[in-house]
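Hi,

Here is the structure I promised to pass on. Have a look at it first, and then read my notes below.

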Amino acid sequence: MVEEFAPGAYRLTESDRDGVVVANGVELSAAAAGHLISGIVRRADRQLEGRKALVDSASFLLDPATDASGRLTLRRRFLSFGRGEGDVIEQWRTWRLEPVSTVRLSATQVDDLTALRDSQHFAHGDLAGARVRGGVLRTNRVGSKSLQRVDCSGMYSLPPAAWRRLVEKGWAYIVGGQVEDGAAVRISAAGLVALALRDHRTSTTSPQGWHKSADSSDAGTRASGVVGMWRKGGRIYDGTSFVVCSGRCFSGRLLDTRALAQSEARAHRAEMIALALGAGGQQAQAAGARARAVAGGVKSPGAAWS
Ligand SMILES: [Zn+2]
């Protein structure tokens with residue numbers, strides 16, 4: 001008997017263009033969610049190809065949450081004619097994907113997911129055949145027991161408990177959803193988002209605020225903090241803040257205020273997640289720009305949960 005193993009990876013809330021919620025917290029398998037996400041990402045890229053002006057009027061949008069939740073919001077725009085002459089009505093169908101598990105990976109899980117992401121194998125072990133993405137399930141007999149491991153390229157394999165945990169968490173999935181010898185095992189969209197969030201942890205430095213000027217030539221003045229008649233206390237204000245990424249993406253970018261530095265950090269995370277999900281550079285930058293503009297993540301036009 002073949003074991004079915006395709007647990008939910010996301011909870012889907014979907015509202016149609018008339019604002020009616022058509023799905024509310026429905027569990028979606030990693031494969032089904034991946035299909036939905038890559039469909040939007042592909043269409044958005046196709047629409048943007050060589051047409052810069054369209055960035056503002058794109059019909060397909062992917063907006064990664066910029067907190068650590070790993071949530072994704074997908075939108076598709078519909079235009080229709082209103083009653084009046086030349087009236088155009090803009091409506092959006094919206095899918096919100098909430099990961100089933102919290103996005104927190106152990107160091108080993110990071111290694112395992114990275115190996116899965118970068119792995120390629122020959123379909124059905126046919127060395128003359130095509131290479132496919134992901135690792136492959138292999139059965140080993142250990143005494144009377146048969147145990148499945150996932151073999152990846154680069155002499156890497158995942159023990160039974162490890163890959164099962166990744167599938168349970170929604171970070172990886174078995175193509176076809178059945179535990180059988182030779183089946184491909186791939187990193188899921190949720191897994192790619194989890195890796196991107198881990199690789200791009202951003203922070204901003206707190207501004208120095210009011211402090212003593214260090215530009216006085218006199219040591220006594222510097223120590224007392226009194227600089228002349230009109231700069232009582234010699235204190236000056238510095239509100240600048242650095243934005244820093246754990247992936248060393250900016251080499252310490254300085255912004256005028258901390259709020260600006262935080263919006264820069266949001267934009268960076270959104271852009272990196274979009275890229276991880278296969279978006280082209282232009283699409284990813286546009287997602288970053290939307291995240292920069294709106295504090296706390298996505299503001300959905302006409303969305304039921306805004
Ligand atoms: Zn980064």
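Is His268 buried or exposed? His268 has 7% relative accessibility, so it counts as buried (buried is under 20% relative accessible area, exposed is over 50%, and partly exposed is in between, with a 1.4 Å probe and protein chains only).

Before the rest, some ground rules. This is a predicted model, where local features need pLDDT of at least 70 and side-chain atom pairs count only at pLDDT 80 or more, while totals for chains, interfaces and linings use all residues. Residues are numbered from 1 along each chain as its sequence is written, and side-chain values use heavy atoms, with hydrogens and water left out.

Now the zinc site. The zinc ion is held by His200 (ND1), Cys245 (SG), Cys249 (SG) and His268 (NE2), at 2.0 to 2.3 Å. Donors here are N, O and S atoms within 2.8 Å of the metal (3.2 Å for Na, K and Ca), and since water is not among the atoms, sites may look incomplete. The 4 donor atoms subtend angles of 102 to 117 degrees around the zinc ion, so the arrangement is tetrahedral (for four donors, that needs all angles between 85 and 135 degrees). Along the sequence, the donor residues follow the spacing H-x44-C-x3-C-x18-H. Cys245 sits in strand β18 (residues 241-245) and His268 in helix α6, so the pair ties together parts that are 23 residues apart in sequence. (Helices, H or I with at least four residues, and strands, E with at least two, are DSSP runs numbered from the N terminus.) Cys245 is buried too, with a relative accessible area of 4%.

Next, the cores. A nonpolar core is a set of buried Ala, Val, Leu, Ile, Met, Phe, Trp, Tyr and Cys residues joined through side-chain atoms within 4.5 Å. The largest one has 52 residues, and Tyr10, Ile37, Leu72, Leu116, Trp163 and Leu277 have the most contacts inside it. Helix α4 (residues 189-199) gives the most to this core, with 8 residues. Apart from it lies another core of 6 residues, including Cys245 and Phe250.

On to the charged pairs. There are 13 salt bridges, each being a side-chain nitrogen of Lys or Arg within 4 Å of a carboxyl oxygen of Asp or Glu. In one of them, Arg292 meets Glu264, with the closest N and O atoms 3.3 Å apart. That pair links distant parts of the chain, since Arg292 is in helix α7 (residues 281-293) and Glu264 in helix α6 (residues 258-276), 28 residues apart. Arg292 is partly exposed at 37% relative accessibility, whereas Glu264 is buried at 11%.

Asp151 and Arg138 form another salt bridge, at 3.8 Å between the closest N and O atoms. Asp151 belongs to strand β10 (residues 145-152) and Arg138 to strand β9 (residues 135-142).

Both strands turn up again in an open sheet of 5 strands, ordered β11-β10-β9-β14-β12 with antiparallel pairing (two strands pair if DSSP finds at least two bridges between them). β11 (156-158) and β12 (172-174) stand at the edges with a single partner strand each, so one side of each has no neighbour in the sheet. β9 pairs with strand β14 (residues 184-187) over 2 bridges, and Val136 stands opposite Ala184 in β14.

Cheers

Note on methods. Tetrahedral: all angles 85-135°; square planar, octahedral: opposite > 155°, others 65-115°.
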